[in-house]
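Hi,

Here is the structure I promised to pass on.

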Amino acid sequence: MSMLGNFARQLKSKEFRDYLMSTHFWGPVANWGIPVAAIADTQKDASFISGKMTLALTFYSIMFMRFAWKVQPRNMLLFACHFTNEIAQLTQGARFINYHYLEKKEDTAAPAKVDAASQVAPVAPSAKTAS
């Protein structure tokens, strides 16, 4: 029971309340929309993936993971958010590459069927005699 009491005491502390009212907390919380959306997009058709946006979000998350690690005190909530987004964007990037460059696309225009009745031998032009 003392572990539960310690946890409750920690939640009521001024430091924790200050943390909850800081951008160190609310910035990452607001940022979680990006990886949640990316994870949800993995269920959609790969034809909708934007390669440029996926690449931009991949670099964005790499930079902010570094920032979250270097800032003092370390912002592990922000780091976790961007780590999750990095994995989701790499997944989307792999799906994009697979769809646009690796999959063999079947030609949607199937060759027209030709029935035997429509096959008519071409008529040779008649030879005209010179008068």
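A word on the UniProt labels first: positions are given in the numbering used here, feature names are shortened, and annotations may be inferred rather than shown by experiment. With that in mind, the unreviewed UniProt entry annotates residues 46–69 as "transmembrane region". That span is 79% helix and 0% strand, with 32 Å between its end C-alpha atoms (helices are DSSP runs of H or I, at least four residues, strands runs of E, at least two, numbered from the N terminus).

This is a predicted model: local features need pLDDT of at least 70, side-chain atom pairs count only at pLDDT 80 or more, and totals for chains, interfaces and linings use all residues. Residues are numbered from 1 along each chain as its sequence is written, and side-chain values use heavy atoms, with hydrogens and water left out.

Now the largest pocket, which holds about 180 Å³ of space. Its lining has 14 residues, and Asp-41, Ile-49, Ser-50, Thr-54 and Gln-92 are the closest to the centre. (A pocket is an open set of points on a 1 Å grid over the protein atoms alone, where a 1.4 Å probe fits, with protein on both sides within 12 Å along at least five of seven lines; lining residues have an atom within 4 Å of a point. The volume is the space filled by probe spheres set on the points, which are joined across faces, edges and corners.)

Helix 4 gives the largest share of that lining, four residues.

Cheers
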